[in-house]
Amino acid sequence: MEAINTNEEFDILVEKGYYPSKSELIKDAFRALLNTNSELKISLSIELFLKGTISIGRASELAGLTIIEFKDILAGRGIVRETEGKTAKEMDKKLKKLGIV
């Protein structure tokens, strides 16, 4: 059995016009991988969220889950989300600025 030369295969697909470039082919292959491996997609979403690259809403969307489902997975993996609450004084100031009080 011959070894697969991925680089050569990429070159052929680009040469024959299936993809405009190797980078486009790799992006497409990566998207297909994530679409067929939901665990990998969820893990990637979690890592991007933990790095602060994306919001929890975007992470849940990328994982193909609702925010509640995504939060449940985080909790199930022992990941504690840090939440920052505002003091009553800060909230009063914001409400006054908005003209609500």
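Modeller: Before we start, a residue is called buried when its relative accessible area is under 20%, exposed when that area is over 50%, and partly exposed in between. Please keep in mind that this is a predicted model.

Biologist: Thanks! With that cut-off, how many of the 11 residues of helix α6 are buried?

Modeller: Helix α6 spans residues 88-98. This helix is hardly covered. Its count of buried residues is zero.

Biologist: And which residue takes a positive phi just after α6?

Modeller: Helix α6 ends at residue 98. Just after α6, a phi of about 80 degrees turns up, and the residue that takes it is G99.

Biologist: Which class of residue has five members in the contact of α2 with α3?

Modeller: Helix α2 brings F30, L33, L34, N35 and T36, while α3 brings S38, L40, K41 and L44. Three of these residues are polar and one is charged. The five others are nonpolar.

Biologist: K41 is in that list; what is the nearest side chain of opposite charge to K41?

Modeller: K41 lies in helix α3 and touches L34, N35, L62 and A63, leaving out residues up to four places away in sequence. K41 is buried, yet has no salt bridge. A salt bridge needs a side-chain nitrogen of Lys or Arg within 4 Å of a carboxyl oxygen of Asp or Glu. The nearest side chain of opposite charge is 11 Å away and belongs to E69.

Biologist: How do α3 and α5 pack, and at what angle?

Modeller: Here the axes of α3 and α5 (residues 67-76) are 12 Å apart. The arrangement makes α3 roughly perpendicular to α5. The angle is about 85 degrees.

Biologist: How many charged residues are in the contact of α3 with α5?

Modeller: From α3 come I42, S45, I46 and F49, and from α5 come F70, I73 and L74. By class, six are nonpolar and one is polar.

Biologist: How far apart in space are A59 and K93, C-alpha to C-alpha?

Modeller: In sequence, A59 and K93 are 34 residues apart. In space, the C-alpha separation of A59 and K93 is 31 Å.

Biologist: Now the charges: how many salt bridges does a search of the whole structure find?

Modeller: One of them joins K27 and E24 at 3.4 Å, N to O. Another joins R31 and D28 at 3.9 Å. The search of the whole structure finds five.

Biologist: Where do K27 and E24 both lie?

Modeller: K27 is partly exposed, with a relative accessible area of 42%, and E24 is partly exposed at 31%. They are three residues apart, about one turn of the helix. Both lie in helix α2.

Biologist: What is the N to O distance between the side chains of E61 and R58?

Modeller: E61 and R58 are three residues apart in helix α4, so about one helical turn separates them. E61 is exposed at 55%, whereas R58 is partly exposed at 39%. Their side chains meet in a salt bridge, with an N to O distance of 3.0 Å.

How values were computed: Residues numbered from 1 in each chain as written. Predicted model: local features only at pLDDT ≥ 70, side-chain atom pairs only at ≥ 80, totals over all residues. Heavy atoms only, no water. Contact = heavy atoms within 4.5 Å. Helix = DSSP H or I, 4+ residues; strand = E, 2+ residues; numbered from the N terminus. Nonpolar A, V, L, I, M, F, W, Y, C, P; charged D, E, K, R; others polar. Buried < 20%, exposed > 50% of the residue type's maximum accessible area, 1.4 Å probe, protein only. Lys, Arg positive; Asp, Glu negative; His and termini not counted. Axes fitted to C-alpha atoms, helices over the stretch in contact; angles between N-to-C directions. Parallel < 35°, antiparallel > 145°, perpendicular 65-115°, else oblique.
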